Amino acid sequence: MSTPERTDAHGQPSFLVDHGPRRGLLAWLTSTDHKRVGILYLASMISFFIVGMGIGVVMRLVQLTPFKDLVTPQTYNALFTLHGVIMIFLFVIPGLPAVFGNFFLPILIGAKDVAFPRLNLASWYFYMAGAILAVTALFTGGGPPDTGWTFYAPFSIKTGTNVSLAVFAAFVLGFSSMLTGINFITTIHRLRAPGMTWFRMPLFCWATYSTAWIQILATPILAITLVLVILERFFGIGIFDPSKGGDPLLYQHLFWIYSHPAVYIMILPAMGAITEILPTFAKRTIFGYKAIAFSSLSIAAVGSLVWAHHMFTSGMSGVALITFSLLTMIVAVPSAIKVFNWTATLYKGSIDFQPPLLYALTFIFLFCIGGLTGVMQGALAINVHIHDTYFIVGHFHYVMFGGTGFAFFAALLYWFPKMFGKMYSKRVAYLAWWPLFIGFNGLYFAMLVLGLQGMPRRYWHHLPQFDTGHVIATVGSWFLALGLLIFLGNFVVALFKGEKAEDNPWGGVTLEWQIPSPPPTENFEEIPTITHGPYEFGEPGKEGRA
Amino acid sequence: MSGSSYPEASVQGHSEHGAEHRDDFGAKLGMWLFLVTEIVLFGGLFIGYSYMRAKYPGEFHHAGSELNATIGVINTLILLTSSLTMVLSLVAIQRGERTKTRLFLAATIVLGAAFLVNKSFEWAAKFHHGLYPNSPHLATLPPGEQVFFGLYFTMTGLHGFHVLAGISVLAWLYALVSKGRITQDRHAALENGGLYWHLVDVIWIFLLPLFYLAA
C-alpha cells in the first residue's frame, strides 16, 4: 500500500495509519478495529478465491477433450472437492459479511466499532486456522479428500483420504461464522446511533442482520454433523452406518438443514449490497424499503425450511416431497420481491452510470437466471431428470458466482474508494466486464445445456456427444479467468498508483459517505444523530445528512 | 468478550456515558445468542435421537434398561445442586461478599468434577461389559441397540465435554474474583458464566429421561 494520507481535513488520522505501539504487519494482525479486520478478511479471501479459480480452470482443461489424460480420476475427485471447499467455506460463506459487513455495518448505523471487537478479531483467527487446516488436509494423511464438498456418508466415513482433518477445518470455519453472527446481531441491537431507528437503517444492515440469524441458527447443525463424521471415522459410533443400524439419509438431512440456509448466508448480504448501490446511482430513494427489509427476514425464515429439495431422489415420503417442493417455490417469492423493487428503484431515476451500477445490474441479470433455474429444480419431475447433472452445477454457479460473486465485485467497486481512499481506473473496470460477462455465460450457460442433455456432474471424463458444450464451457472459463485477473489487477494498481478518492465520489447519502476516505480510526468525530431515512436524495436543503 | 479497543471512546450505545465503553446488557445478549447456538448444536443430536427412536422403539426400550438409572439420578441431583451454588455465588457478589462468592464458585467446580467422576465410572462399567462403539460384543446386538449406544456415548460424551469446558470457565471466573476483576459493580462475566453453567445443566435434564429412563 502506498503511503496513505496521515490525516484528513479535520486532522484525524486515517485508520490505515498505525497508531498503537505496534507497526506494520504486526499492528494489522493485532488490531481490533472493525475496518482493519474487514481488510484482513478481504486480503485472505481474495487469495483463496484465486486458488479456487485456478483449480476451476484446471478442471475445465480436463474436460476440454473426451480423452482420459491430464489428471487421474483420483486427482479429479480431489480437485472438485477442493474447489468446492475453498470457494464455499473460504470465500462465499464469509463473503460479504466478513469484508463489507465488518467494514461498513458499524459505520452505516453510526457506531465506532462492532459490539465485541476482540471477538471479531478472534473470528478472523478462527477463519485462518480453518483455512490452514484445510490446506494441511491436502498434504497429510491419506491425501486430499475426494468426497465432494458435501462429505456425504457413508462414503465420507469409509474413504481412506484425509476427510477427518478437512471436516474439522470446516467445523472451525463454522465457529468463525457463528461468532461473527453473534457479534453483528448484538451490534445492531445495541450500537445504533441516536435516532437510527430500525426502519432508518440502510438495507445492507437488514440483510446482514437476517444473515447473522441464519449463521447462529444453522451453523451449529453443521458443526454437530461434522463432529459425528469424525466420531464415525475414529470410533465407529454407527449413527450414519447402515451396517450398525444407522442411516446415511440422516446425514443428508442434517447436512442440508445447515447447508441450504447457508445458501442464503451467501446471497442475502449480496442482495443487501445491491440495495445500497442502486439508490446511489439512480439518485432516488429505494422503492419499497419495508418490503425489502421484510423479504430479507422471510428469505431467512422460509429458506430454513426447504433443505430436503436437495434430496428429492434420496428416498422420502410423497408428503415430504410435495411439502418441500411447495416451500421451495414459496422462497422464490421474497427473492422476486427484491428484484421487482430494484428495477422499480431505477424507474424514472436520474441514472448516473458508473462501474458499480454496471456490475450491480449484471448481478440482477445473472441472479434472475440462477433463481429461475432454481425454481425449475423445485418441480419434482424435472428435478429427477436433472439431479446431479451439470444443470445443477450451472444453476448454483449462476447464483453463487453470478449472484454473490458479482455482488461482491459491485460492492468492491462501490466501496473501494472509501476503504482505501484511492480511486481505481473506471475504464479498466468497464474493460474487465466484457470478458467477465462473456466468459461467465459461455461457461455456465453451456453447463445448463449440458445438464439437460444428461451430462452428470463430478465425472472425470465425458462421452463424445457432450464435446461441443464442454469446449464452449472451457473457452468460456479462459475468458472468465482473464476478466477476473484484469478486474482484480485494477485494484492492486489502484492501491499503489490510484488517484486520491474524494470523500463522496458517487454522491451517496448513507453515513459512510459523510466521513473522510479512508475513514478515521474512530469513524465519526461525533456520533451523528439521525433524523430521516437512509436514502433521501435531492430534497431542497437536505443534500446529504446532518 | 466485551470491551472496546478504544478506551477513549466515550459515547457509545444508548445509555452509557462512562469513561470506558461498557455494555453489560450487550454482553448478556451476546451470551444468550451463544447459548442458542449450543442448543442448536445439541438439537442436531436430538433430531437424530428422535428419528432413531421412532425407527427402533423396542430396541431403545431394551437397551435403556442396561443403563444405571440410579447413577443417572444421582448425577442429576449433583448438577442441580451445582446450579444452586452457582446462583448463590452470583447473589454473594451482588452483595459484595467476595469470600462467599469464591466459596460457592469452588463448590460448583467440585460438584461439576464429581459429576464427571461419576460419569467416568459409569462409562468404565459399560466398557467392562464390552459396550463401547465398534466393540465385538456390540456388533452382536440388534441394530437399534447399537445405534442407542452410539447415541448414548456421543451425547453424554459431548455433554461431558461441555461440563469440562464449564469447569474451566468457572476456574477462570474464580481467578478473576480473586484478583478483584469481578466486583459488586462489575459482575457481568460471572453472570454470563453462570448462564453457560445452567445451560449445561438443562441439557442434562433432557439427556436423563432420553437415555436412563427410556426403559
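1. Helices α7 and α8 of chain A pack at an angle of about 155°, and their axes are 7 Å apart. Axes here are lines fitted to C-alpha atoms, for helices over the stretch in contact, and angles run from 0 to 180 degrees between N-to-C directions. The angle makes α7(A) roughly antiparallel to α8(A); angles over 145 degrees count as roughly antiparallel, under 35 as roughly parallel, 65 to 115 as roughly perpendicular and the rest as oblique. Helices (H or I, at least four residues) and strands (E, at least two) are DSSP runs, numbered from the N terminus.

2. The crossing of α7(A) past α8(A) is left-handed, a term used if the near helix is turned anticlockwise from the far one by less than a right angle (right-handed if clockwise). Residues of this contact divide into 22 nonpolar, eight polar and one charged. Ala, Val, Leu, Ile, Met, Phe, Trp, Tyr, Cys and Pro count as nonpolar, Asp, Glu, Lys and Arg as charged, and the others, Gly among them, as polar.

3. On provenance: this is a predicted model, in which local features need pLDDT of at least 70 and side-chain atom pairs count only at pLDDT 80 or more, while totals for chains, interfaces and linings use all residues. Residues are numbered from 1 along each chain as its sequence is written, and chains are lettered from A and ligands numbered from 1 in the order in which they are written.

4. Between the chains, 38 residues of chain A are in contact with 37 residues of chain B; contact requires C-beta atoms, placed from the backbone, within 7 Å. On the chain A side, the elements giving two or more residues are α5 (117-139), α7 (163-190), α8 (203-235) and α9 (248-282). Of these, α8(A) gives the most, with ten residues. The chain A side comprises 23 nonpolar, eight polar and seven charged residues.

5. From α12(A) the contact uses A:Pro355, A:Leu358, A:Thr362 and A:Thr373; from α15(A), A:Lys426, A:Ala429, A:Tyr430, A:Trp433, A:Phe437 and A:Leu448. By class they are seven nonpolar, two polar and one charged.

6. The largest nonpolar core holds 226 residues, and among those touching the most other members are A:Ala273, A:Phe363 and A:Ala407. Such a core is a set of buried Ala, Val, Leu, Ile, Met, Phe, Trp, Tyr and Cys residues joined through C-beta atoms within 7 Å. Beyond its neighbours within four places in sequence, A:Ala273 is in contact with A:Leu96, A:Phe100, A:Phe204, A:Ala407, A:Ala410 and A:Ala411.

7. Chain B has seven helices and zero strands. Its C-alpha atoms fill a box of roughly 65 × 35 × 25 Å along the principal axes. Among contacts in chain B with a separation of 6 or more, 74% join residues 24 or more positions apart.

8. B:Val36, in helix α1 (residues 24-55), is buried, with 20 other C-beta atoms within 10 Å. B:Val36 lies 9.8 Å from B:Leu199, C-alpha to C-alpha, across 163 residues of sequence. B:Phe46, also in α1 of chain B, is partly exposed, with 18 other C-beta atoms within 10 Å. B:Phe46 and B:Leu151 are 105 residues apart in sequence and 9.4 Å apart in space, C-alpha to C-alpha.

Definitions and conventions. Two residues are in contact if their C-beta atoms, placed from the backbone, lie within 7 Å. A residue is buried if 20 or more other C-beta atoms lie within 10 Å of its own, exposed if 12 or fewer, and partly exposed in between; C-beta atoms are placed from the backbone.
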